[in-house]
Amino acid sequence: QVQLVESGGGLVQAGGSLRLSCAASGRTFSSYAMGWFRQAPGKEREFVSSISGSGGSTNYADSVKGRFTISRDNAKSTMYLQMNSLNPEDTAVYYCAARTVLTSSYPWWGQGTQVTVSS
């Protein structure tokens with residue numbers, strides 16, 4: 001029901017910052033709660049952050065709390081992840097995902113964008 005495209009990944013030195021974007025299709029973007037996930041080589045995909053449809057509620061994994069900020073602009077149908085104070089442990093493919101209030105999981109995913117943090 002929704003198509004998602006991530007952008008903004010790249011190579012950054014430890015301590016640096018990146019801003020990821022997730023562009024969504026459709027005119028009902030606010031109907032979807034959104035989330036960011038990441039997957040490092042040889043590891044399972046893990047939760048990073050989530051945001052409600054209105055943007056009024058957010059959640060963060062303990063590993064990124066205080067460093068990452070999730071936001072969304074429903075007028076632009078875009079979600080963002082501002083990542084500060086990056087460290088090599090943040091290196092992963094980052095995925096955006098969408099769900100509705102009818103689902104407890106995330107059935108719709110983007111293609112992912114690579115984030116590499118060098119030491």
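Begin with the aromatic side chains of this predicted model, which holds six aromatic pairs (rings of Phe, Tyr and Trp, the last by its six-membered ring, pair if their centres lie within 6.5 Å, with planes under 30 degrees apart counted as stacked, over 60 as edge-to-face and the rest as tilted). Select Phe37 and Phe47, an edge-to-face pair with 5.7 Å centre to centre and 75 degrees between the planes. This pair links distant parts of the chain, since Phe37 belongs to strand E4 (residues 33-39) and Phe47 to strand E5 (residues 46-51), ten residues apart; strands are DSSP runs of E of at least two residues, numbered from the N terminus.

Colouring by accessibility shows Phe37 as buried at 11% relative accessible area, whereas Phe47 is partly exposed at 31% (buried means under 20%, exposed over 50%, partly exposed in between, with a 1.4 Å probe and protein chains only).

Next, display Arg45, which lies over the face of Tyr95 at 3.9 Å from the ring centre (for Arg, CZ must be within 6 Å of the ring centre and within 35 degrees of the ring normal). Arg19 lies over the face of Tyr80, at 3.9 Å from the ring centre.

Finally, select the open sheet of four strands, ordered E1-E3-E8-E7 with antiparallel pairing (two strands pair if DSSP finds at least two bridges between them). Strands E1 (4-7) and E7 (68-73) stand at the edges, each with a single partner strand, so one side of each lacks a neighbour in the sheet. E1 pairs with E3 (residues 18-24) over four bridges, and Ser7 stands opposite Ser21 in E3.

Residues are numbered from 1 along each chain as its sequence is written, and side-chain values use heavy atoms, leaving out hydrogens and water. Local features need pLDDT of at least 70 and side-chain atom pairs count only at pLDDT 80 or more, while totals for chains, interfaces and linings use all residues.
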